[in-house]
Amino acid sequence: MTFTHPLAVVLVAISVWWLSTGLVLAMVNRSDGPRGRALSLMGLMTLVGAFGFILMLWGAQEPTVLGSYVGFFGALLVWAWHEAAFLTGILTGRRTGECPPGLTGFSRFRAAWEAVSDHEIAILVTAIALWLSLEGSVNLFGLAAFGLLWGMRISAKLVIFLGAPHAVSELMPKGIRHLKSYFKTDRLTPLFPIFLAIAAGLFAILIVGANRATQAHSVVGHTLLATFMALAIIEHLVLVLPISDTALWRWAMAKQERAKLAIRPAADGVAALKEGGPVSVPHTSWTAIAKDTIGKRKD
């Protein structure tokens with residue numbers, strides 16, 4: 001089986017998704033402490049992001065299978081810079097505290113925007129720069145990958161803000177835990193089926209594109225994008241379903257957080273027995289953009 005086979009492409013995409021997510025989380029968690037550690041990490045990630053940009057430039061000029069892979073992986077490296085900047089808390093927004101109690105409607109939306117606006121603007125600037133740099137190239141799957149990541153990130157943030165019952169997870173780094181106060185976890189937003197339908201429609205378009213493609217690099221590019229879209233759909237579903245994602249990236253968590261997870265089930269069980277109730281292990285759900293170790297806060 002070669003790297004042009006659809007199954008091989010899917011396996012590569014899933015492996016890269018799992019590994020890249022875990023590595024960013026691991027580096028962010030290990031940079032926790034003095035601000036100098038986070039700045040050192042961002043220095044390293046800046047080199048990684050610059051290398052990713054070079055890969056995107058090279059891949060965009062190559063209408064080959066290798067060009068599609070290189071452009072796609074380059075986009076992931078550029079995206080990793082933004083993820084690290086956000087998860088460390090270095091690049092979020094001018095509002096650095098929790099959501100003021102009692103805010104509703106547009107006032108709550110404005111506060112949430114102020115908490116993440118700098119990061120969103122940085123992604124927009126990056127997207128424009130990539131568009132201008134790659135415009136007219138023969139292989140734009142790297143640019144499409146960055147756009148897909150950006151679009152599904154915005155979708156996930158809106159779902160979390162509007163209402164996602166299980167938008168809280170142990171995987172949220174300390175640098176952005178204040179963002180949990182902007183989550184709405186007391187109900188499921190009625191708009192969720194619309195977000196899911198749009199994502200499913202894009203997934204179907206990419207699958208059709210892969211089936212109709214006549215060139216190998218186009219088949220690979222469409223399949224990579226379709227796989228990441230499928231993963232994004234799963235991530236959206238986990239926001240609203242009682243499914244734990246912690247086991248996937250437990251190795252990326254800080255040692256003290258892993259230790260807490262190890263002793264928590266036993267502690268919870270003792271408490272339940274004392275109260276005469278059933279023993280249960282708490283569950284959480286995934287999104288690397290916005291999660292927490294402490295439970296839910298209702299707005």
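Student: Which residues of H5 and H6 meet?

Tutor: From H5 you have Leu-148, Met-152, Ser-155, Leu-158, Val-159 and Leu-162, and they meet Phe-192, Phe-195, Ala-199 and Leu-206 of H6. Sort the residues of this H5 and H6 contact by class and you get nine nonpolar, one polar and no charged.

Student: How do H4 and H5 cross?

Tutor: The axes of H4 and H5 come within 11 Å, with a crossing of roughly 170 degrees. That angle makes H4 roughly antiparallel to H5. The contact of H4 with H5 has 14 nonpolar, two polar and four charged residues.

Student: Where does helix H4 bend?

Tutor: Look at Val-116: H4, which covers residues 105–134, bends there by about 60 degrees. Just after H4, you'll find Gly-136 with a positive phi of about 85 degrees.

Student: What about H3 and H7, how do their axes cross?

Tutor: Helix H3 (residues 65–87) and helix H7 (residues 216–240) have axes that come within 7 Å and cross at roughly 30 degrees. Angles under 35 degrees count as roughly parallel, so that is how H3 and H7 run. H3 passes H7 in a right-handed crossing. On the H3 side, the contact is made by Val-65, Ser-68, Tyr-69, Phe-72 and Leu-76, and the H7 residues include His-217, Val-220, Leu-224 and Phe-228. By class, the contact of H3 with H7 has nine nonpolar, three polar and no charged residues.

Student: What is the mean pLDDT of the protein chain?

Tutor: The mean is 85, and 84% of the residues reach 70 or more. Over residues 265–299, though, the pLDDT is below 50, and this stretch has 89 contacts in the model beyond near neighbours in sequence. Where pLDDT is low, the predicted coordinates should not be read in detail.

Terms used
Residues are numbered from 1 along each chain as its sequence is written. This is a predicted model: local features need pLDDT of at least 70, side-chain atom pairs count only at pLDDT 80 or more; totals for chains, interfaces and linings use all residues. Side-chain values use heavy atoms; hydrogens and water are left out. The bend at a residue is the angle between axes fitted to the seven residues ending there and the seven starting there. Helices (H or I, at least four residues) and strands (E, at least two) are DSSP runs, numbered from the N terminus. pLDDT is the predictor's confidence in each residue, from 0 to 100. Contact means heavy atoms within 4.5 Å. Ala, Val, Leu, Ile, Met, Phe, Trp, Tyr, Cys and Pro count as nonpolar, Asp, Glu, Lys and Arg as charged, and the others, Gly among them, as polar. Axes are lines fitted to C-alpha atoms, for helices over the stretch in contact, and angles run from 0 to 180 degrees between N-to-C directions. Angles under 35 degrees count as roughly parallel, over 145 as roughly antiparallel, 65 to 115 as roughly perpendicular and the rest as oblique. A crossing is left-handed if the near helix is turned anticlockwise from the far one by less than a right angle, and right-handed if clockwise.
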